[in-house]
Amino acid sequence: MRDSGNLFGWLISLGFLLTLLNYPVKLVYRKFVASKPRESKFRGVYVKFQRFIVSNHRFFAFFTGLLLLAHVIIQLLYRWLSWTGLIAAALMVANLLIGSYGHYIKKKRPSAWLVIHRAAGLFLVAAIMAHVLTGGR
Ligand code: HEM
Ligand code: HEM
């Protein structure tokens, strides 16, 4: 059980990175790809990739939430309650709610919610690193 609990931990980290890709993928588009001619093959492929990442952002996040639930249940049953893990989980659940608010209520129009949503993503990186580096203490 210890291995499968930790496996779910790594799967959450992977799903989280996939969710987070939203930002760098758009940044690379703005900085390097947008200036290429419309007929450019590379641009075409990149735009398809970007569309995939951005339009599935919320599904990556929801799926990561399910993995988090599995991790929490396994660790609580077979290991212990981790305080750093709890902080990371609270931030992730809060950001799922903020993202849903921005998507479904604010209809993706950027305002304060997006600033908070992005900042929470950064705090999450720190919280997850603390959790992993302390071995789940
Ligand atoms: C965003 C949330 C979380 C992420 C990304 C995450 C990720 C991870 C990862 C990658 C590991 C494995 C570390 C290793 O291989 O040494 C781990 C271990 C652990 N996690 Fe989490 N975790 C999260 C939330 C939680 C929560 C809420 C709890 C509370 C129950 C928790 C409890 C633990 C425990 C007890 C371990 C250590 C298990 C052991 O060494 O036997 N985690 N976590
Ligand atoms: C752990 C969960 C999540 C993390 C870490 C996260 C992270 C991010 C980040 C870093 C951005 C900035 C991208 C940019 O500047 O364009 C972003 C944008 C956005 N997120 Fe999330 N997000 C999460 C969950 C969600 C969920 C569940 C939804 C919707 C149901 C959502 C909807 C959005 C929307 C609408 C944007 C605005 C830009 C766009 O349309 O791509 N997010 N998110």
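Biologist: What percentage of the 137 residues in the chain is made up of buried residues?

Modeller: The model is a predicted one. A residue counts as buried if 20 or more other C-beta atoms lie within 10 Å of its own. By that criterion, the buried part of the 137 residues in the chain is 16%.

Biologist: In what order do the elements of the chain run from the N terminus on?

Modeller: The chain holds six helices and zero strands. Read from the N terminus on, the elements therefore give the run α-α-α-α-α-α.

Biologist: What are the dimensions of the box that the C-alpha atoms of the chain fill?

Modeller: The box is taken along the principal axes of the chain. Its dimensions are roughly 55 × 30 × 20 Å.

Biologist: Among contacts with a separation of 6 or more, what percentage comes from residues 24 or more positions apart?

Modeller: The count covers the contacts in the chain whose separation is 6 or more. Of these, residues 24 or more positions apart account for 77%.

Biologist: Are H5 and H6 roughly parallel or roughly antiparallel to each other?

Modeller: Two packed helices are described by the angle between their axes and the distance between the axes. For H5 and H6 the angle is about 160°, and the axes are 9 Å apart. Angles over 145 degrees count as roughly antiparallel. H5 and H6 are therefore roughly antiparallel.

Biologist: Are H2 and H3 roughly parallel or roughly antiparallel to each other, and why?

Modeller: The axes of H2 and H3, the latter spanning residues 41-55, come within 9 Å. They cross at roughly 155°, and angles over 145 degrees count as roughly antiparallel. H2 and H3 are therefore roughly antiparallel.

Biologist: Which element gives the most to the shell around ligand 1?

Modeller: Of the 26 residues around ligand 1, those that come nearest are Gly 9, Gln 75, Ser 82, Gly 85 and Gly 136. Two or more residues of this shell are given by each of H1, H4, H5 and H6. By class, the shell divides into 13 nonpolar, eleven polar and two charged residues. With seven residues, the element that gives the most is H1.

Biologist: Which element provides the largest share of the shell around ligand 2?

Modeller: Of the 23 residues around ligand 2, Arg 58, Ala 61, Gly 99, His 103 and Gly 121 come nearest. The elements that give two or more residues are H1, H2, H4, H5 and H6. By class, this shell has nine nonpolar, ten polar and four charged residues. The largest share, seven residues, comes from H5.

Biologist: Is Lys 107 buried or exposed?

Modeller: Lys 107 lies in the loop between H5 and H6. Although not a glycine, Lys 107 has a positive phi of about 50°. Because Lys 107 has 7 C-beta neighbours inside 10 Å, the class is exposed.

Biologist: What is the phi of Lys 108, which is not a glycine?

Modeller: Lys 108 is also found in the loop between H5 and H6. Lys 108 counts as exposed, with 9 C-beta neighbours inside 10 Å. The phi of Lys 108 is positive, at about 70°.

Biologist: How far apart in space are Leu 21 and Phe 123, C-alpha to C-alpha?

Modeller: Leu 21 has its place in the loop between H1 and H2. With 16 other C-beta atoms within 10 Å, Leu 21 is partly exposed. Leu 21 and Phe 123 are 102 residues apart in sequence, and their C-alpha to C-alpha distance in space is 15 Å.

Terms used
Residues are numbered from 1 along each chain as its sequence is written. Chains are lettered from A and ligands numbered from 1 in the order in which they are written. This is a predicted model: local features need pLDDT of at least 70, side-chain atom pairs count only at pLDDT 80 or more; totals for chains, interfaces and linings use all residues. A residue is near a molecule or strand if its C-beta atom, placed from the backbone, lies within 6 Å of it. Helices (H or I, at least four residues) and strands (E, at least two) are DSSP runs, numbered from the N terminus. Ala, Val, Leu, Ile, Met, Phe, Trp, Tyr, Cys and Pro count as nonpolar, Asp, Glu, Lys and Arg as charged, and the others, Gly among them, as polar. Axes are lines fitted to C-alpha atoms, for helices over the stretch in contact, and angles run from 0 to 180 degrees between N-to-C directions. Angles under 35 degrees count as roughly parallel, over 145 as roughly antiparallel, 65 to 115 as roughly perpendicular and the rest as oblique. A residue is buried if 20 or more other C-beta atoms lie within 10 Å of its own, exposed if 12 or fewer, and partly exposed in between; C-beta atoms are placed from the backbone. Two residues are in contact if their C-beta atoms, placed from the backbone, lie within 7 Å.
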